[in-house]
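This report concerns pockets and the overall fold. Please consult the sequence and structure shown below.

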Amino acid sequence: DGPNFVDWVTVLERWVEDGEAPDSVLAKQIDRTTWPAKPNVIRERPICAYPEIARYDGTGDPDVAESYSCR
């Protein structure tokens, strides 16, 4: 189990149609017991552009993407 849901269609649309190549993409883990009626996000992580990887900043909630940076 872990963050395994990414809205790839929106990411690709922005890249192709608007020329916005992503530096990172947000991956979410969704509670499947509430899906699809009420998608409850359990945790998030950024997926970083190679060669960077997501690193925990050492502060903040480790289940929230803002607590990570691509390095």
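The lining of the largest pocket comprises 6 nonpolar, 2 polar and 4 charged residues; Ala, Val, Leu, Ile, Met, Phe, Trp, Tyr, Cys and Pro count as nonpolar, Asp, Glu, Lys and Arg as charged, and the others, Gly among them, as polar. The model is predicted: local features need pLDDT of at least 70 and side-chain atom pairs pLDDT 80 or more, while totals for chains, interfaces and linings use all residues. Residues are numbered from 1 along each chain as its sequence is written, and side-chain values use heavy atoms, without hydrogens and water.

A pocket is an open set of points on a 1 Å grid over the protein atoms alone, where a 1.4 Å probe fits, with protein on both sides within 12 Å along at least five of seven lines; lining residues have an atom within 4 Å of a point. A volume is the space filled by probe spheres set on the points, which are joined across faces, edges and corners.

| Pocket | Volume |
|---|---|
| Largest pocket | about 210 Å³ |
| Second largest pocket | about 160 Å³ |

Residues lining the largest pocket include Phe-5, Arg-14, Glu-20 and Lys-28. Helix H1 (8–18) and strand S1 (24–31) are the elements that give two or more residues to this lining, and S1 supplies the largest share, 4 residues. Helices (H or I, at least four residues) and strands (E, at least two) are DSSP runs, numbered from the N terminus.

Among the residues lining the second largest pocket are Phe-5, Arg-32 and Trp-35. Overall, the protein has 1 helix and 4 strands, in the order α-β-β-β-β along the sequence.
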